[in-house]
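Let's go through a structure together and ask what stands behind each label.

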Amino acid sequence: MTRIKLKTETVVLAADLAGTLVFAIEGALSAMRSNLDLLGVMVISFIAALGGGVIRDLLIGATPPNAIRDWRYPVLTFCAGILTFVFHSTFQALPPMLILVLDAAGLALFAVAGVEKATQFGIRPFVAMLMGTVTGVGGGVVRDILLARVPAVLQVDIYATAAFFGAFVVVVGRRFGLSPGAAALVGGIACFSLRVVAATHGWHLPRADG
Amino acid sequence: MTRIKLKTETVVLAADLAGTLVFAIEGALSAMRSNLDLLGVMVISFIAALGGGVIRDLLIGATPPNAIRDWRYPVLTFCAGILTFVFHSTFQALPPMLILVLDAAGLALFAVAGVEKATQFGIRPFVAMLMGTVTGVGGGVVRDILLARVPAVLQVDIYATAAFFGAFVVVVGRRFGLSPGAAALVGGIACFSLRVVAATHGWHLPRADG
Amino acid sequence: MTRIKLKTETVVLAADLAGTLVFAIEGALSAMRSNLDLLGVMVISFIAALGGGVIRDLLIGATPPNAIRDWRYPVLTFCAGILTFVFHSTFQALPPMLILVLDAAGLALFAVAGVEKATQFGIRPFVAMLMGTVTGVGGGVVRDILLARVPAVLQVDIYATAAFFGAFVVVVGRRFGLSPGAAALVGGIACFSLRVVAATHGWHLPRADG
């Protein structure tokens, strides 16, 4: 039993670090397109990967945020920034479909983890769903603010919507008696699937027309 | 006595919800002019209405912020965003004078509520005035940052100045022995009047010239 | 002994207020180049000088932040904003070398103070270095966000790098047994020297090329 539990924790930690890594590399590539220097690339890696969790932790009162408390997270993102800076032609040559799938997996993971943590801190269900969404998309929003752009998530695609949908499924799953682990799994699959299907089929939310 | 107190609380809650609604609709209209999608409009509604209070609560250490703790506030702003999105031609046809008056009322309400809450949390008078100002204008500032614009409040008009003036009157009124309710009322009227008079008369602060 | 301690505290407070003043004046000059009104100039003065410390305090859970708790800091920055607004031709005529030296001194002071405070709040060494860096450069980042610019610190020069280097020296100095005061002094000199030498010699970090 203990052995299995240890394994579960290892899987969760590994998944969390993997999601952080994906978001950090994407952030670094985005920063390099904006012609930043090495330090700028490292900072954007950090913020794109960990900014959503930091905002969530500040809002629910979980200070210092996890990304500050545990040195492995900032170190991982800085290393990702440096590696992306050095090997950017390799990263830029990755197939877009692979990046989409990895990014959707990271989004699902962050959204589910966000709703879990908010619930643990006594946040009520609807707002916990919002916190899951913030965890998933907050880093990208701050990244875009720093790059002086309107955040992409406000303009295009089913992205934040997928994060919110995953968080919604987690909460509903628990209401209907699923175990936390099962609810997280179903919610993550829901977020991932909606994101990938929406992106490959070109689904959009309605837009305000001029 | 209890009955009267209940009524007062109902009035305060109704006023707070009304102010939130006005700011949310204005935020949604602003987001639609920037061509965001439905989700973007809902997010900007939320932030324009509740961002000032969230910043205040983070700064004075009142976490989780009210806008996160009480699900009615986010739900109200999201509904306002959706309604504005659907019926935007109706909202855009509202007379500018009506919007000015409603907005000034919302500003006065938020500024007064902000100085009250900061004072309750032991913040000293001058900084409490700043917190009142932040409550009134912070949402608009974050909205403009997300829309990649220099915040309007830094550039034009007597707006933050009116919020600060109202908060100042609240603090001074209390010093001179007014009851909290009376001080809030006088401060709110001061903020509202200065804002409306300044806007209709084209008053401006001096500006740096190139 | 008490007398000497009092003197040390006075020196630290004076240095902190001097650093705040330098950053506030620089912020005001930057705001005036963006054509803001008087209030906008005052707000940018406040944020440029105190924003880094506020972000640090929010992240390490030290609420309310010092800049909010102690009214002298906001009052100082607002006065600096007003004075710069009125006498801006005088300030703009200051020799660039003087501004560089004062700014580097302010940066060194903030970086060292930031790492000290984070350490006091139980933050571990590597993240404490990041908090020192944030204290030094955070105000400038928020200033640039409000002025709808990509933060200068992400794009040019050895600036955040100097702050991080100073914070790094503080932590290493303590590990090797220096007293807190001596470590702070050596770290501050390291940050100041690297910043001034890098600026006068045109040192840059490598940049992503298009």
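Q: How do you know that chain A and chain C are related as by a three-fold rotation axis?
A: Chain A can be laid on chain C by a turn of 120° and a shift of 0.0 Å along the axis, with an RMSD of 0.0 Å; the superposition is by least squares on the C-alpha atoms of residues with pLDDT of at least 70 in both. The two copies are thus related as by a three-fold rotation axis. This is a predicted model, in which local features need pLDDT of at least 70, side-chain atom pairs count only at pLDDT 80 or more, and totals for chains, interfaces and linings use all residues. Residues are numbered from 1 along each chain as its sequence is written, chains are lettered from A and ligands numbered from 1 in the order in which they are written, and side-chain values use heavy atoms, leaving out hydrogens and water.

Q: Why is the pair of A:F23 and A:F110 called tilted?
A: Rings of Phe, Tyr and Trp (its six-membered ring) pair if their centres lie within 6.5 Å; planes under 30 degrees apart are stacked, over 60 edge-to-face, the rest tilted. For A:F23 and A:F110 the centres are 4.8 Å apart and the planes at 45°, so the pair is tilted.

Q: What makes B:F46 and B:F78 a stacked pair?
A: Their planes are 20° apart, with 5.7 Å centre to centre, and that counts as stacked.

Q: Why does A:L83 count as partly exposed?
A: Buried means under 20% relative accessible area, exposed over 50%, and partly exposed in between (1.4 Å probe, protein chains only). A:L83 has 44% relative accessibility, so this residue counts as partly exposed.
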